[in-house]
Amino acid sequence: MHWQSVSATHVGLVRRVNEDSILDRPDIGVWAIADGMGGHSAGDLASQMLTEALGRMRAPPDLSTLVDFTEHNILAVNDRLIDLARFRHQVIGSTIVTLLVNGGHCAFLWAGDSRLYRFRDDALAQLTTDHSQVEQYVQQGLLSREDAQMHPDNNLITRAVGATEALFLDCDITDLVPGDRFLLSSDGLDKHVSMSDIADGLRRLELPRCARHLINLTLERGAADNVSVCLVEIVAD
Amino acid sequence: MSKSLVRALAQAYAEQRIDRRTYIRERRRLIDEAVAGIESRPPRVLEPAAPTLSPTDVTVELPRAARGESP
């Protein structure tokens with residue numbers, strides 16, 4: 001198997017600075033989206049530090065080593081952001097979602113509410129679970145998933161790089177099948193674009209057109225936040 | 001199978017039920033076994049706790065009548 005990818009980002013229609021950063025490295029099988037926290041200054045610096053650190057990695061021999069290297073780099077950025085925050089007397093943070101491909105499997109690490117989806121067999125699945133206040137409400141049965149989108153706490157995340165000295169990244173793995181399409185996205189997408197809209201785009205469009213389509217849908221619907229997408233397709237040799 | 005084990009292990013680490021060294025070692029094992037197509041044994045921390053007797057528990061043989069059996 002091999003893979004191809006495409007990515008796109010837009011500042012949106014409300015924010016003046018794009019605090020999202022994208023890493024698109026099919027040559028080493030690593031993709032990431034980092035979303036600098038909107039309420040925190042220097043979020044763009046935090047997200048760029050993450051994607052730059054991951055972009056300096058070399059392709060390791062196996063998936064478990066790739067996971068170790070990726071986590072090590074993210075934790076190192078976390079330490080630097082904590083130090084920087086002390087120096088500047090401000091919190092500097094970012095969400096992160098990564099997709100790591102090696103051989104016939106992939107792993108994904110994440111913190112915060114940037115997401116990873118997989119489109120397989122005409123069905124879209126969200127592979128990550130948001131580290132957010134509303135997700136906790138949903139898990140506790142206090143809020144329906146339908147109501148979560150409109151909840152006043154829907155911008156509160158419970159885990160982020162730079163937020164605390166002890167950062168715990170979530171992690172999972174899955175197999176790869178030719179034809180699988182993965183979507184990494186910042187929360188600027190899912191504020192405006194439903195899973196059925198995402199599935200429709202992934203079903204009908206080639207990767208570059210699909211990326212533009214998802215960004216355009218977000219813009220048509222107000223684009224209240226920065227929006228970033230990274231699409232990865234697994235192709236049979 | 002291994003997919004959910006890796007996630008459960010990460011959650012156990014986030015909840016500080018295992019230390020970092022154990023987490024890294026067990027995560028590597030689960031990923032390597034999944035890639036090799038081996039059915040993984042759950043990490044011990046994820047196994048359900050064995051039933052235990054408290055120090056005050058005792059075993060009592062009830063009289064047959066009390067169990068509703070005929071003598």
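# Reading the predicted complex of chains A and B

Author: Over residues 65-71 of chain B, pLDDT stays under 50, and the model has four contacts there beyond four places in sequence. pLDDT is the predictor's confidence in each residue, from 0 to 100, and two residues are in contact if their C-beta atoms, placed from the backbone, lie within 7 Å. Where pLDDT is low, the predicted coordinates should not be read in detail.

Reader: What is the mean pLDDT of chain B, and what ipTM does the complex receive?

Author: The mean for chain B is 77, with 62% of its residues at 70 or more. For the complex, the predictor gives an ipTM of 0.92 and a pTM of 0.89.

Reader: How many helices and strands does chain B have?

Author: Helices (H or I, at least four residues) and strands (E, at least two) are DSSP runs, numbered from the N terminus. Chain B has two helices and zero strands. Of its contacts with a separation of 6 or more, 59% are between residues 24 or more positions apart.

Reader: Which elements of chain B touch chain A?

Author: The interface has 14 residues of chain B in contact with 13 residues of chain A. Helix 1 (2-14) and helix 2 (20-36) of chain B each give two or more residues to it. By class, this side of chain B has eight nonpolar, one polar and five charged residues; Ala, Val, Leu, Ile, Met, Phe, Trp, Tyr, Cys and Pro count as nonpolar, Asp, Glu, Lys and Arg as charged, and the others, Gly among them, as polar.

Reader: In what order do the strands of the open sheet in chain A lie?

Author: Strands of a sheet pair through backbone hydrogen bonds, either parallel or antiparallel. Here two strands pair if DSSP finds at least two bridges between them. The five strands of this open sheet follow the order 2-3-4-5-8, with antiparallel pairing. Strand 2 (20-25) and strand 8 (170-175) of chain A are the edges, each pairing on one side only. From one strand to the next, the twist averages 10°. Strand 5 (residues 105-111) and strand 8 of chain A are joined by six bridges, and A:Leu109 has A:Cys171 as its bridge partner.

Reader: Which strands does helix 2 of chain A lie across?

Author: Helix 2 (residues 63-88) lies across strand 4 (94-102), strand 5 and strand 8 of chain A, at about 160° to strand 4. Axes are lines fitted to C-alpha atoms, for helices over the stretch in contact, and angles run from 0 to 180 degrees between N-to-C directions.

Reader: Is A:Leu189 buried or exposed, and why?

Author: A residue is buried if 20 or more other C-beta atoms lie within 10 Å of its own, exposed if 12 or fewer, and partly exposed in between, with C-beta atoms placed from the backbone. A:Leu189 is buried because 26 other C-beta atoms lie within 10 Å. A:Leu189 belongs to helix 5 (residues 187-190) of chain A. Not counting residues up to four places away in sequence, A:Leu189 touches A:Leu214, A:Thr218, A:Val227 and A:Val229.

Reader: What covers the buried residues of helix 7 of chain A?

Author: The cover includes strand 1 (2-10), helix 5, helix 6 (195-204) and strand 10 (227-235) of chain A. Among the buried residues of helix 7 are A:Leu214 and A:Thr218. Helix 7 (residues 207-220) has 14 residues and reaches 20 Å from its first C-alpha to its last, close to the 20 Å expected at 1.5 Å a residue; the expected span is 1.5 Å times one less than the number of residues. Just after helix 7, A:Gly222 takes a positive phi of about 110°.

Reader: Where is A:His89, which has a positive phi of about 60° although it is not a glycine?

Author: A:His89 is in the loop between helix 2 and strand 4 of chain A. A:His89 counts as exposed because it has 6 C-beta neighbours inside 10 Å. B:Gln16, also not a glycine, has a positive phi of about 60°. B:Gln16 is in the loop between helix 1 and helix 2 of chain B and is exposed, with 11 other C-beta atoms within 10 Å.

Notes
Residues are numbered from 1 along each chain as its sequence is written. Chains are lettered from A and ligands numbered from 1 in the order in which they are written. This is a predicted model: local features need pLDDT of at least 70, side-chain atom pairs count only at pLDDT 80 or more; totals for chains, interfaces and linings use all residues.
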